[in-house]
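Dear colleague,

I am handing over the structure below, and my notes on what was found in it follow directly after.

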Amino acid sequence: MDWGTELWDQFEVLERHTQWGLDLLDRYVKFVKERTEVEQAYAKQLRNLVKKYLPKRPAKDDPESKFSQQQSFVQILQEVNDFAGQRELVAENLSVRVCLELVKYSQEMKQERKMHFQEGRRAQQQLESGFKQLENSKRKFERDCREAEKAAQTAERLDQDINATKADVEKAKQQAHLRSHMAEESKNEYAAQLQRFNRDQAHFYFSQMPQIFDKLQDMDERRATRLGAGYGLLSEAELQVVPIIAKCLEGMKVAADAVDAKNDSQVLIELHKSGFSRPGDVEFEDFSQPMNRAPSDSSLGTPSDGRPELRGPGRSRAKRWPFGKKNKTVASEDFSHLPPEQQRKRLQQQLEERNRELQKEVDQREALKKMKDVYEKTPQMGDPASLEPRITETLSNIERLKLEVQKYEAWLAEAESRVLSNRGDSLGRHTRPPDPPSSAPPDSSSNGSQDNKESSEEPPSEEGQDTPIYTEFDEDFEEPTSPIGQCVAIYHFEGSSEGTISMTEGEDLSLMEEDKGDGWTRVRRKQGGEGYVPTSYLRVSLN
C-alpha cells in the first residue's frame with residue numbers, strides 16, 4: 001500500500017504528517033542536546049566532588065596515606081573520577097552522533113520535503129488553470145448559443161412580419177447565421193478544452209500526484225528509520241561505556257575489600273610509637289616523718305631548695321603522658337625532639353635518602369669518567385677538559401654525602417640504643433590482653449617470702465629490672481587458705497615463667513588473691529596447682 005494510491009486526495013493530511021515527522025526529529029535532537037548538557041554537568045560535578053575530597057598533600061608527605069582506609073577512599077575517588085570521564089564520553093558520543101548528524105539530516109529532509117510539495121502545488125496550479133480555461137470556454141459556448149438562438153428568433157420574426165423590409169430580413173438572417181457560426185466555434189473550443197482538461201486531470205490524479213506522494217512516503221519512511229536509529233544511539237552510547245563503568249565499580253569493590261583494620265592498627269603503631277617506657281609507680285611521700293633524715297634511693301629526700309623529691313631508679317623523670325602538657329619542640333637535624341621510636345624511623349628514612357643520593361652521584365661520576373675517556377680517545381666528539389668542573393662537583397657531592405651518611409649512621413646507632421634501652425625498661429609491662437612479664441610473679445613456696453624480704457632490703461638496680469614483683473607486700477601479706485571468689489579465664493595463657501600457672505580459655509578457677517595493682521592475680525585450678533595469671537585474662541566474681 002502506498003500513499004499515491006490510497007491517499008490520492010489527502011494532500012493537506014500528508015503535508016501536516018510530514019511536517020509533524022520533521023518536528024518530532026527536531027524535538028528528539030533537542031532532547032538529546034539537553035541530555036548531553038545534563039551528562040556534562042553531572043561529570044563536572046563528580047570531578048569537582050573528587051577534587052574536593054582528594055588529599056591536598058602528596059602521599060609521601062601525608063601519614064594518613066599509609067592507612068588502608070585512606071588508600072581505599074582515594075582509590076574510590078579515582079574510580080569516581082574515571083566514572084565521570086565515561087559520562088563525558090557518553091555526552092560526546094551523543095553530541096556528535098546524534099545532535100550534529102541528525103540536525104544535518106533534518107535540514108536535508110526539510111529541503112526535500114519543500115521540493116516535493118512545491119512540485120505538487122505547481123501541478124495543482126496547472127490543473128486549476130486548465131479548469132478555469134475550461135470554465136471560460138464553457139461560459140463562452142453557453143453565451144454564444146444563447147446569442148445564436150436569439151438571433152435566429154429575431155430573423156424568423158422579421159421574416160414573418162409583413163411590415164419588415166427585405167433588407168431588414170436579410171440582415172437579421174445574416175446575423176443569425178453569424179451567431180450560429182460563432183456558437184459552433186465556441187462549441188468546438190469548449191470540447192477541445194474539455195478533452196485537454198480531462199487528460200490533464202487524469203495525469204494529475206493517476207500519475208503526477210501519486211509519484212509526488214510516493215516520494216513523500218519514501219522520504220518520511222527514511223526519516224522514521226533514521227529517527228529509530230537515533231533512538232538506538234542512546235542505548236548504544238551507554239553500552240559502549242558499560243565495560244569501563246563495570247571496571248570502575250569493580251575497582252570500588254576491590255577498594256572496599258582492601259580495608260584492613262588490623263594492618264591499620266599496626267600502621268598507627270609504626271607511625272606514632274614513641275619508644276618511651278611506661279612510667280613507674282608514684283611513690284608515697286611521707287610528710288609525717290622528719291624531713292632531715294638521710295635520703296635513700298627508695299624514699300623521699302630533701303633537695304637544697306627545701307622541696308621533697310622522689311627518689312628511685314628513673315621513676316621521678318618518667319614521662320606521664322596522660323597528665324603532662326605537650327611542650328612545643330623545636331625540630332633538630334638529628335630529630336632528637338621526637339620520641340625514640342619516631343626518631344629512629346626518621347633517621348632511617350634520611351639515611352636511605354642520603355644513600356640513594358650518594359649512589360646517584362657515584363653513578364654520575366662513573367658516567368662522566370667514561371665520557372671523558374671517550375673524549376680523550378676521540379677528540380672530535382668533545383673536549384675532555386670541559387668535563388672537569390662537573391667531575392669535581394660530583395666528587396665534592398660524594399664527599400659531602402659520605403659525611404652526612406656517617407653522621408646519620410651515628411645518630412641512628414644512638415637512637416637504636418635508646419630504643420633498645422627503653423624496651424629493656426618496659427619488659428615487665430604488658431599490653432591488653434597482656435603478655436607475661438619478663439620478671440615472673442613470686443613462687444607460692446615458703447622460700448618466696450624470705451627471698452623477697454632479702455631483695456627488698458637491697459636498693460633497686462640501675463635498670464629496675466631485677467626487682468621481683470610483690471617484694472614490698474610479701475612481708476605483710478599472709479596467703480589465704482580458702483578461695484575469696486571465683487573467676488573464669490577469658491583467654492588462653494601459658495604460664496611459662498616461675499610462679500605463673502597455665503589456664504585454658506573458659507576454664508573455671510578459684511580466686512586466691514586479688515590484683516595488687518600490678519596486673520597479676522593468684523588463682524587455683526580445680527585439678528590442682530596454684531599460681532599467678534594476668535588479671536586482664538580473667539572475669540572475676542568475689543564471694
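Why does Trp 8 count as partly exposed? Its relative accessibility is 43%, and the class called partly exposed lies between buried (under 20% relative accessible area) and exposed (over 50%), with a 1.4 Å probe and protein chains only.

Before going further, please note that this is a predicted model, in which local features need pLDDT of at least 70 and side-chain atom pairs count only at pLDDT 80 or more, while totals for chains, interfaces and linings use all residues. Residues are numbered from 1 along each chain as its sequence is written, and side-chain values use heavy atoms, with hydrogens and water left out.

The chain has eight helices and five strands, these being DSSP runs numbered from the N terminus (H or I of at least four residues for helices, E of at least two for strands). From the N terminus on, the elements run α-α-α-α-α-α-α-α-β-β-β-β-β, and 31% of the 543 residues count as buried.

Trp 8 is located in the loop between α1 (3–6) and α2 (11–53), and together with Tyr 205 and Phe 206 it forms a nonpolar surface patch of about 370 Å² accessible area. Such patches take residues with over 30% relative accessible area and no salt bridge, nonpolar side chains (Val, Leu, Ile, Met, Phe, Trp, Tyr) being joined within 5 Å; a salt bridge is a side-chain nitrogen of Lys or Arg within 4 Å of a carboxyl oxygen of Asp or Glu.

The structure holds 13 aromatic pairs, meaning rings of Phe, Tyr and Trp (its six-membered ring) with centres within 6.5 Å, where planes under 30 degrees apart are stacked, over 60 edge-to-face and the rest tilted. Among them, Tyr 28 and Tyr 231 are edge-to-face, at 4.7 Å centre to centre and 80° between the planes. Because Tyr 28 lies in helix α2 and Tyr 231 in helix α4, this pair ties together parts 203 residues apart in sequence. Tyr 28 is buried at 7% relative accessibility, whereas Tyr 231 is partly exposed at 40%.

Kind regards

Notes. Patch = residues over 30% accessible without salt bridge, like charges linked within 9 Å, V, L, I, M, F, W, Y side chains within 5 Å. Areas by Shrake-Rupley, 256 points an atom, 1.4 Å probe, with all protein chains shown as cover.
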